Amino acid sequence: MNSWLLAGTVVLGGGVGATLWGVATGPLRRRVVAQNLSTALACPGLLLLAQGYERPSYVDVALVLALLGPVGTLVFARLLTDELAADPPRAWGLTWAAAGLVAAVVLALCVAVGPSRELVKILLTGAILIGGNVVASHALSGGFAEVRGG
Amino acid sequence: MDVLPYLVAVWIFLVGCYGLATSRNLIHAVGCLSVCQSATYVLLLAVGYRDDATAPVYSDIEPGSRPVVDPVVQALALTDVVVGATVTALLLALVIQVSKRHGTVDPDELTELRG
Amino acid sequence: MADAVIVVALVLVAGCATVAVAVRDPARQALVLAVLGVVLAVLFTAVQAPDVALSQLAVGGALTPLLLLLSVRKVKRRKGRER
Amino acid sequence: MTPRTRLLLVLVGGAGIAALLVAACLRLPDFGGDSHPYGDRAVAASLARQTANTIASVNFDQRAFDTLGEMTILFAAVVGCVVLLRQTRDEHRARPEPADVARPVRRYALIVLPVALVTGLYVIAHGQLSPGGGFQGGVVAATSLHLLYLGADYRALERIRPVGMYEVGDALSASAYLITGLAGLIGSAAFLANTLLPYGTFNTLSSGGTVPLLNAAVGMEVACAVVVLLARFLDQAVEIEEESGK
């Protein structure tokens, strides 16, 4: 077991475990934020696993998660607008903390991988994930406030 | 560790069945059914796992350089995930029809309607 | 020792499946099912099945929640009008 | 039957099944064992036919007939949904109101849509090399189109999505799979046999004989199927309303 796998296990067990607790209990605003964070934490976990198993092709999984995870959160933001508008979530601290973790993991992996095709994929994954999560967080806290019925 | 993944698959299946039987909302029941489905994926992939092996995908490793896990069960699970989603969609379409015809999605109220 | 990832992922999947059944409101259940999809994908990566993980992510991440929520909205809209 | 007796029945039956399943689990080969006779043979067969992704080889070569069955289920499920969710005589369409989405969300949707679409096509095209294939890529590509609904509004989605075309595409790609299978009868005497095309160079896009063709057919079928499914559900949830009264 190398240190990449250990780091991945810690991120997945601690981070995703905490979001599982968040999505299971509490008001709706807490649950949607936890769902958004689950992608933001699982994706760096998957990147670390790909490096730990020494399989660059596993990065594809993280890339697809970075693309579709925020889309899933947008689905909830769009279709639960009425409930969320009454009690909008405010979780910018957590969102930026998760973004910082993603950036740190991506940076460490870039140093370890060196210039290659994999590096481009990892950077793309990190950029899409951070952007997607910030936008999804924005959408949850009132980005669809003007939407009625559509 | 020798049987833990199988037991987890059994647990997921039973929990899903319990949810199906006690559900008060057909949409919730469809969600429970998709939990039951995921038990089969866990069981299949657990059967195919080999210690210290890697995926049998040779785009980035040399053939024969590392032991690989069983590709047959992976192929079974992979098609089933996508086909299972469309079957979920079919069930949800049925639920929408039920709600249109009877005005409720509670299975208990539906039984009373028929009697 | 390399099994630690698999054990963690298995525990997460079992917990998430239990929560998905225990949460009774369909919209909130859809949220848990979205997380379950991600956790399952992590487990599949850990047991060296990236193809299945991709499949699960594509389906569980956005498609299933969208279908469930659209059904919830349709059923709710009917109930709202009947009152 | 009262809910109480039903719960009791479920618990008794569940306990019985649980006992049987646990007993079966204890007799299964240990997790992580070294004996995988089918897997080893599948890997050898796949490498002999120059397919780098063994799973794609199992799906579209060694067990291609099984995949035809899966595809038929998919097709039937879509047909079932289309029939169940059609617009009936006592329903009418209400124009959905245009949505006013916050600017960052709209921009994000418009930037990510092409990226996700290209990623979906990449996952399909590299199905026989790296992890991925028609089933996964098709869903990714189809989901990406619906960013237009999430980021803009339903009318924007309707403009780029003539559902009829996708229904035709679904049927065409299903028949393309069948025709490729029938073409196998020319080269040898077996349906879906992978003997028609040269196997190519290992780990290049054109390797694996008919695997890339079947893969592409399934990718198109899945993408069209998901678009049609979501279109029906969106119609029901957003547009179709029943006449007043019921």
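Reader: Which helix holds Ala97(A)?

Author: Ala97(A) lies in helix α5 of chain A, residues 92–113. Keep in mind that this is a predicted model.

Reader: How is the burial of Ala97(A) read: exposed, partly exposed or buried?

Author: Count the other C-beta atoms within 10 Å: 20 or more means buried, 12 or fewer means exposed, and values in between mean partly exposed. Ala97(A) has 13 such atoms, so this residue is partly exposed.

Reader: Where is Cys25(D) placed, and does the count make Cys25(D) buried or exposed?

Author: Cys25(D) is in helix α1 of chain D. The cut-off for burial is 20, and Cys25(D) has 20 C-beta neighbours inside 10 Å, so Cys25(D) counts as buried.

Reader: Which residues does Cys25(D) touch beyond its sequence neighbours?

Author: Leaving aside residues within four places in sequence, Cys25(D) is in contact with Val3(B), Tyr6(B), Leu7(B) and Val10(B).

Reader: How many residues does each chain give to the contact of chain D with chain B?

Author: Chain D gives 47 residues and chain B gives 42. On the side of chain D, the elements that supply two or more residues are α1 (3–27), α2 (37–48), α3 (54–62), α4 (64–84), α6 (134–145) and α10 (211–239). That side divides into 31 nonpolar, 12 polar and four charged residues.

Reader: What are the corresponding figures for chain A against chain C?

Author: There, 36 residues come from chain A and 34 from chain C. The chain A elements giving two or more residues are α1 (3–24), α2 (28–52) and α3 (59–79). The chain A side has 22 nonpolar, 12 polar and two charged residues.

Reader: How do I read a helix pair, for example α3(B) with α10(D): what are the angle and the axis distance?

Author: Helix α3 of chain B, residues 71–102, packs against α10(D) at about 20°, with axes 11 Å apart. An angle under 35 degrees counts as roughly parallel, and α3(B) and α10(D) are therefore roughly parallel to each other. The crossing is left-handed. Val82(B), Thr86(B), Ala89(B) and Ile96(B) meet Val222(D), Ala225(D), Leu229(D) and Gln236(D).

Reader: Why are α2(A) and α6(A) classed as they are?

Author: The angle between α2(A) and α6(A), residues 117–143, is about 175°, and the axes are 10 Å apart. Over 145 degrees counts as roughly antiparallel, so α2(A) and α6(A) are roughly antiparallel to each other. Among the residues making the contact are Val32(A), Asn36(A) and Leu47(A) of α2(A), and Ile122(A), Leu129(A) and Leu140(A) of α6(A). The contact has nine nonpolar, four polar and no charged residues.

Reader: At what angle does α6(A) cross α5(D)?

Author: The axes of α6(A) and helix α5 of chain D, residues 103–125, cross at roughly 145° and come within 10 Å. The crossing is left-handed. The residues of α6(A) in this contact include Gly131(A), Gly132(A) and Gly143(A), and those of α5(D) include Pro104(D) and Tyr108(D). The contact divides into eight nonpolar, four polar and no charged residues.

Reader: What can be said of the nonpolar core?

Author: In soluble globular proteins, nonpolar side chains tend to be buried together. Here the largest nonpolar core has 209 residues, and those touching the most other members are Leu65(A), Leu45(B), Ala9(C), Val13(C), Cys16(C), Val32(C) and Val39(C). Its largest share, 20 residues, comes from α10(D). Val13(C) touches Val8(B), Val42(B), Val39(C), Leu40(C) and Leu43(C), not counting residues up to four places away in sequence.

Reader: Which phi values deserve a look, at Asp52(B) and at Gln48(C)?

Author: Asp52(B) has a positive phi of about 55° although it is not a glycine. Asp52(B) sits in the loop between α2 (26–48) and α3 of chain B, and counts as exposed because it has 11 C-beta neighbours inside 10 Å. Gln48(C), also not a glycine, has a positive phi near 65°. Gln48(C) lies in the loop between α2 (26–46) and α3 (50–82) of chain C. With 26 C-beta neighbours inside 10 Å, Gln48(C) counts as buried.

Technical notes
Residues are numbered from 1 along each chain as its sequence is written. Chains are lettered from A and ligands numbered from 1 in the order in which they are written. This is a predicted model: local features need pLDDT of at least 70, side-chain atom pairs count only at pLDDT 80 or more; totals for chains, interfaces and linings use all residues. Two residues are in contact if their C-beta atoms, placed from the backbone, lie within 7 Å. Helices (H or I, at least four residues) and strands (E, at least two) are DSSP runs, numbered from the N terminus. Ala, Val, Leu, Ile, Met, Phe, Trp, Tyr, Cys and Pro count as nonpolar, Asp, Glu, Lys and Arg as charged, and the others, Gly among them, as polar. Axes are lines fitted to C-alpha atoms, for helices over the stretch in contact, and angles run from 0 to 180 degrees between N-to-C directions. Angles under 35 degrees count as roughly parallel, over 145 as roughly antiparallel, 65 to 115 as roughly perpendicular and the rest as oblique. A crossing is left-handed if the near helix is turned anticlockwise from the far one by less than a right angle, and right-handed if clockwise. A nonpolar core is a set of buried Ala, Val, Leu, Ile, Met, Phe, Trp, Tyr and Cys residues joined through C-beta atoms within 7 Å.
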